[in-house]
Amino acid sequence: MEFYMIILCGILVSFGVYMMLSKSTIRIIIGVGLFSHAANLIILISGGLYDGAIPIISELGNNYIDPIPAALILTAIVIGFAVTCLLISIYISNYKLKNTDDISILEDIDYIKEVNKDA
């Protein structure tokens, strides 16, 4: 099972990198989301994919699932959601300002010329 999950993580990372290398801002945001999902799956796989009891001490035995990867994934999901919201708000403000989502057009050419002239 872990082998297939690792292959899935590789596919998600490759699609995420492909999307982040495009010139469209919305594709970059989707690529960041795919990359964060792949990172969450890697954390889940590192904890082990096996059946076990809940992590509460009792007389049932020592076959417990490690709760640390689940806590890390939950934290990563919340942070990923916040980053996605921030990127979407930046995308909306840039689209209202420049009326495009092309990265090459979003560069401020006058500022770049001014910096190069001073150097």
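At what angle do helix H2 and helix H3 pack, and how far apart are their axes? First, the ground rules. This is a predicted model, where local features need pLDDT of at least 70, side-chain atom pairs count only at pLDDT 80 or more, and totals for chains, interfaces and linings use all residues. Residues are numbered from 1 along each chain as its sequence is written, and side-chain values use heavy atoms, with hydrogens and water left out.

Now the answer. H2 (residues 25-47) and H3 (residues 68-98) pack at about 175°, axes 10 Å apart. Helices here are DSSP runs (H or I, at least four residues), numbered from the N terminus. Axes are lines fitted to C-alpha atoms over the stretch in contact, and angles run from 0 to 180 degrees between N-to-C directions. The pair is therefore roughly antiparallel, a label for angles over 145 degrees.

Who touches whom? Contact means heavy atoms within 4.5 Å. On the H2 side, Ile-29, Val-32 and Leu-44 are among the residues involved. H3 brings, among others, Leu-72, Ile-77 and Tyr-91.

Stay with H2. Its 23 residues reach 34 Å from first C-alpha to last, close to the 33 Å expected at 1.5 Å a residue. That expectation is 1.5 Å times one less than the number of residues. Its buried residues (under 20% relative accessible area, 1.4 Å probe, protein chains only) include Ile-29, Asn-40 and Leu-41. Their cover includes helix H1 (2-20), H3 and helix H4 (103-106). Just after H2, Gly-48 has a positive phi of about 100°.

Terms used: Helices (H or I, at least four residues) and strands (E, at least two) are DSSP runs, numbered from the N terminus. Angles under 35 degrees count as roughly parallel, over 145 as roughly antiparallel, 65 to 115 as roughly perpendicular and the rest as oblique. Buried means under 20% relative accessible area, exposed over 50%, partly exposed in between (1.4 Å probe, protein chains only).
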